[in-house]
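Please open the model in your viewer and keep the sequence panel beside it. The stops below are meant to be selected in order.

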Amino acid sequence: MLGVLAAAAAGLWAWRRWHYPSFWLVVAFPLTAISVRATWRKIALGCHLTKKRQRFWFTTVPGLVASTGVVRVRRKWQRIAVDTKPFMWLPKPTRYGWRVTLHTLEGQIPADYADAAERLAHSWGVHAIRVSSPRPGRVVLSATVRDPLIRVEPLPTSPDLLKVIVGRLETGGPWIIDFKTIPHWLNAGATQSGKSNLANALVQGLAPQPVALVGFDLKGGVEFTPYSPRLSALSTTRDECVGLLDDLVALMTSRMALCRDAGARNIWQLPDNERPMPVVVLVDELAELYLMADKSEKDEIAKTSTALLRVAQLGRAFGIYLFCCGQRIGSDLGPGVTALRAQCSGRICHRVNDPETATMTLGDLDPAALASARAIPAETPGVAIVASQDGQWYRARSFYVSEQVAEHAANTWAHLAPAWTDVVAGHVPQMSDADLAELLDSIPDPRKA
Ligand SMILES: Nc1ncnc2c1ncn2[C@@H]1O[C@H](COP(=O)(O)OP(=O)(O)OP(=O)(O)O)[C@@H](O)[C@H]1O
Ligand SMILES: [Mg+2]
């Protein structure tokens, strides 16, 4: 008998070990679902998600006092206040856990459930509970049993232009950086949090595509120099930086004139044979662009800051996209930074040391996102909170792309790198400053759109 039990336990263990998804579906999930339903009343009560309702209930009430002094109880139907729990549908299995729909009680909003999410997660012993609301009156609790980002399985690469699958979301879906939908990105995080790894993943993903890559690396070029075969331009000193930004602004104004002449609002509306090549600008350590060693650099920094801001404001329509990495992206770096931040609608926040950086990067997102960003452990570099224009946020982890792998990709696709002079040429007359100012005003802020 004992032998049979031991064999069954070993079999289950092996099943769980070798094919967790099927083990989860067949064995673990049904048990979990039963226990979730069975514990819901107590847990809802403990998490203050119940409401008092008047109900007829068969209760015992004190009756007559007998001559012996004993109080006799009597059973009676009467209206009393009982705790009602929100109605729960049957839990459904998901890739990394389960999800269940609830009907909110009177006066409740999804935020009440979001506030209780941590309590719920602890009560059910799961990694995390996320709350969403598909329609009024319903909330969906999604539980992840184990942190799915401890180990991320690779995905095939994306075939679409300017779209790179850089990692996986907590939901198991792909983490996509798509410059065509979200043109500019901020990528913040403490040191060793995985910022450069994400830039590597981008280099690897964009290298085979017909795009020009440009690097700004004021950390002495240690990060991007290995990828220079695939980069059309790389600036590692402040002088080069000013020159390259001038080139970018010139490129933008020439593309602007091209679009205006063709009656197009952006380069994607131009006919295929006239459309200029998209340019992705990678900036490692944004702060270096703004830091002043001495007063003599003041003018250069002011120029850099203005040029970068112009690129951000107008670039999206003219196929120039920014990806800025930095440890801190605060207004203490200078007035230009806040404006630049406002232009970057894609936000990525890796592990951070202080709450301000998280708030600065993610903006006024759901407080749960900020809490989640601060809770990223140092043992999992590459884990980040990703926010995009739709106001949704996700926990995600980038695929590990070592420098060697990215360098190899850069060398393999080196022949696709257009010469910077060729990119900048294709030149049409430059715009006057007045025209430029007018265009600057006419383009709406993406975050307010
Ligand atoms: N997605 C990931 N999966 C596994 N390991 C990772 C991942 N991302 C980063 N790492 C590891 O973390 C280390 C630090 O990453 P990275 O160099 O990208 O950090 P960083 O934020 O750029 O740091 P710094 O600010 O010092 O430049 C890398 O050497 C790498 O081994
Ligand atoms: Mg780095």
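This is a predicted model: local features need pLDDT of at least 70, side-chain atom pairs count only at pLDDT 80 or more; totals for chains, interfaces and linings use all residues.

Residues are numbered from 1 along each chain as its sequence is written, and chains are lettered from A and ligands numbered from 1 in the order in which they are written.

Select ligand 1 first: of the 14 residues around it, G194, S196, N197, P381 and G382 come nearest (a residue is near if its C-beta atom, placed from the backbone, lies within 6 Å). Helix 5 (195-206) gives the largest share of this shell, three residues, and strand 16 (393-398) also supplies at least two; helices (H or I, at least four residues) and strands (E, at least two) are DSSP runs, numbered from the N terminus.

Next, pick G194, in the loop between strand 9 (184-188) and helix 5. G194 counts as buried because it has 25 C-beta neighbours inside 10 Å (buried means 20 or more, exposed 12 or fewer, partly exposed in between, with C-beta atoms placed from the backbone). Its contacts, not counting residues up to four places away in sequence, are G189, H350, P381, G382 and S398 (C-beta atoms, placed from the backbone, within 7 Å).

Then move to K195 in helix 5, which touches N187, G189, C325 and H350 under that sequence exclusion.

Terms used. Two residues are in contact if their C-beta atoms, placed from the backbone, lie within 7 Å.
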